[in-house]
Amino acid sequence: MKKKHFIFALGLALASTLTAQTSLDLPSEYLRNNTTGGVNDNLPPNLVGSPYLTDDFKRGMVYMENEAPYPAMMRYNAYQDEIQVQGPNGISTLFMRDNIWAELNGETIKIETYEKGSGTAQGYFFELNKGTTRLLKKHKRVFMESVPASSSYSKEKPPRFDDDITYYLAQEGVPAKEIKLKKKDIAGILDSEEAQAYIKKNKMKLKSEDEVIQLINHLNAL
């Protein structure tokens, strides 16, 4: 009998822990006033791929300037550019404000102002380093329509999501600028004697995130 009571109590404890992990409640000032959170209900059923970087909600932290951080179950929708939050009343989305950001899967996701066409726009970016100059990464999932079969010997290509990853350099006081991970782009913006000397000394090609971050961190520390 005692064994049965122990198993029952253990089950209740596990259920309580699971609920706490999957149903964290953020204050209303962090969330848009909806419970749908832009869920992708209108996407075709035969769609290949996902709008989310990870389909499952993962535990992370939400921050607001001058406030204590809150834990939340989140995922990033790279198709609609929003952070979705799973709460006890359904799915909501974080307000897109530059004083609210999230840490999810060990990465910082923030609203940034960036150059777009002849003007500027705001959106979510993954911040790859800290400091006065930062490398930002933009994840997009681009929806591609289905392609009909071109002949009786070929097959129709179903609709799908394609990955689109771009990089930006953010410097204080100006909108972030899109770059390619190559020496010409990086050196063209970080145009200083210190940058050129460091690139030459370390024989950098600046084709990887790690090399670009190494260069930026060196310049930020000067």
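**Exercise 1: An aromatic pair and its burial**

In this predicted model, Tyr76 and Phe126 are both buried. Determine which other aromatic pair links strand β7 to strand β9, and classify its geometry.

Solution. A pair of aromatic rings is described by the distance of the centres and the angle of the planes. Phe125 and Tyr168 have ring centres 5.0 Å apart and planes at 75°. Planes over 60 degrees apart count as edge-to-face, and the pair of Phe125 and Tyr168 is accordingly edge-to-face. Phe125 lies in strand β7 and Tyr168 in strand β9, 43 residues apart, in distant parts of the chain.

The limit for a buried residue is under 20% relative accessible area. Phe125 is buried because its relative accessibility is 1%. Tyr168, at 7% relative accessible area, is therefore buried.

**Exercise 2: The strands around β9**

Identify the strands that pair with β9 and the bridge partners of Tyr167.

Solution. Strand β8 (residues 133-144) runs antiparallel to β9 (residues 160-171), and twelve bridges join them. β9 also runs antiparallel to strand β10 (residues 177-179), with three bridges. Tyr167 is the bridge partner of Lys137, and in β10 Tyr167 is partnered by Ile179. Finally, consider the connection: five residues separate β9 and β10 in a hairpin, and Gly173 in the turn has a positive phi of about 90°.

**Exercise 3: Charges over rings**

Which rings have Arg75 and Lys110 over their faces?

Solution. Arg75 lies over Tyr52, 3.7 Å from the ring centre. Lys110 lies over the face of Trp101, at 5.4 Å from the ring centre.

Key. Residues numbered from 1 in each chain as written. Predicted model: local features only at pLDDT ≥ 70, side-chain atom pairs only at ≥ 80, totals over all residues. Heavy atoms only, no water. Pairing = 2+ DSSP bridges. Helix = DSSP H or I, 4+ residues; strand = E, 2+ residues; numbered from the N terminus. Buried < 20%, exposed > 50% of the residue type's maximum accessible area, 1.4 Å probe, protein only. Phe/Tyr/Trp six-rings, centres within 6.5 Å; stacked < 30°, edge-to-face > 60°. Lys NZ or Arg CZ within 6 Å of the ring centre and 35° of its normal.
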